[in-house]
Amino acid sequence: MEPLGQTELRLMQSLAQEVTALRPELLNGDATVGELAWVWAKDFDALGPFWRHRLWLVDGRLAGWGWAHLPYKVPRGDGTFRESDTANLIWQAHPDRPELLVDILDWYDEVAGDVDRLLTIQSADVAAQAIVTAHGYAFDTEAGGDDGSWVQFNMRELTDVPNPALPEGFRFLTAAEVPAADAVNVHRDAWHPSAFNEAAFERVRHTWPYRADLHVLVAAPDGALAATAIIWLDKATQTAEFEPVGTHPQFRRRGLGAALQLHGMHLAKTAGAKHMLVACRGAPAHAAARDMYYSVGFRAFTRDLPQIKVAG
């Protein structure tokens, strides 16, 4: 089976652009332009062998796709492992072709085999809710509960963006101004334990639409990098997305995340964006990130509804 490559990824991103323009509330949180670029690039080397994909074309245009992540166990490099004993499906169908989800789910059954199957649908996607129920899926009460891992999708118009305020001595930088190793390390610190490395970052840097001038950082007074965020700009839809966003644990609760968001939004607006997206955990038990995004003007417009189909 051919690996999921740049050509297929770009087609998947093109469908994300169409859905963003037509019905953004139907855009799966894992299927945005930026999320696709980030997940594919950072995980290609480690998890690529566990991926399966299929594209559905109608009249020569991509109308739907499925990207299955099969169970895996891979070393992080620090003696720990990343592992999953379930299959997970990322998918998207064109708003005019909601029935393609039936074919995507049939294909997913074939490639997933005899393991529990996970996927998410959007709260606004009434058609998908009916289709997954008919296909044997049920709402995942553990992942989707008040202390679950479900994700909400947030949007902000890039009007009336306040100016950022950093603590004294801190300053903004971009990835174009620091060694690659430093940009990698601040991500690893913010998201410990992380398997992110320089090889993965090199692939990220060569994946559309990454721009080093929109990879924003905060440096502490001693020069140590304290926070990081990548902005993925899609000029066609005038939409930009933060993914990922993180702050070193030693520098949290100082307003760096909010300042970095505001600074990034100003950069995105200057680069041509009119709308800003960001995903975060939405459960009440995980309110810190959500509250930070709310503090800089983001508001939720849809959320994941995690689904599970138990094997057997």
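Which residue forms a salt bridge with Asp45?

1. Arg203 does, with the closest N and O atoms 2.9 Å apart. A salt bridge here is a side-chain nitrogen of Lys or Arg within 4 Å of a carboxyl oxygen of Asp or Glu. Across the interface of domain 1 and domain 2, the rule finds 1 salt bridge.

2. This is a predicted model, in which local features need pLDDT of at least 70, side-chain atom pairs count only at pLDDT 80 or more, and totals for chains, interfaces and linings use all residues. Residues are numbered from 1 along each chain as its sequence is written, and side-chain values use heavy atoms, without hydrogens and water.

3. Domain 1 spans 6-149 and domain 2 spans 157-303, with bounds from an automatic or database domain assignment. Their C-alpha centres lie 24 Å apart. In contact (heavy atoms within 4.5 Å) are 34 residues of domain 1 and 29 residues of domain 2.

4. The area buried between the domains is about 2600 Å², 60% of it from carbon and sulfur atoms. Buried area is the accessible area (1.4 Å probe) that two parts lose on being put together, summed over both. Of the area that domain 1 buries against domain 2, Gln17, Trp38 and Arg76 supply 23%, more than any other three residues.
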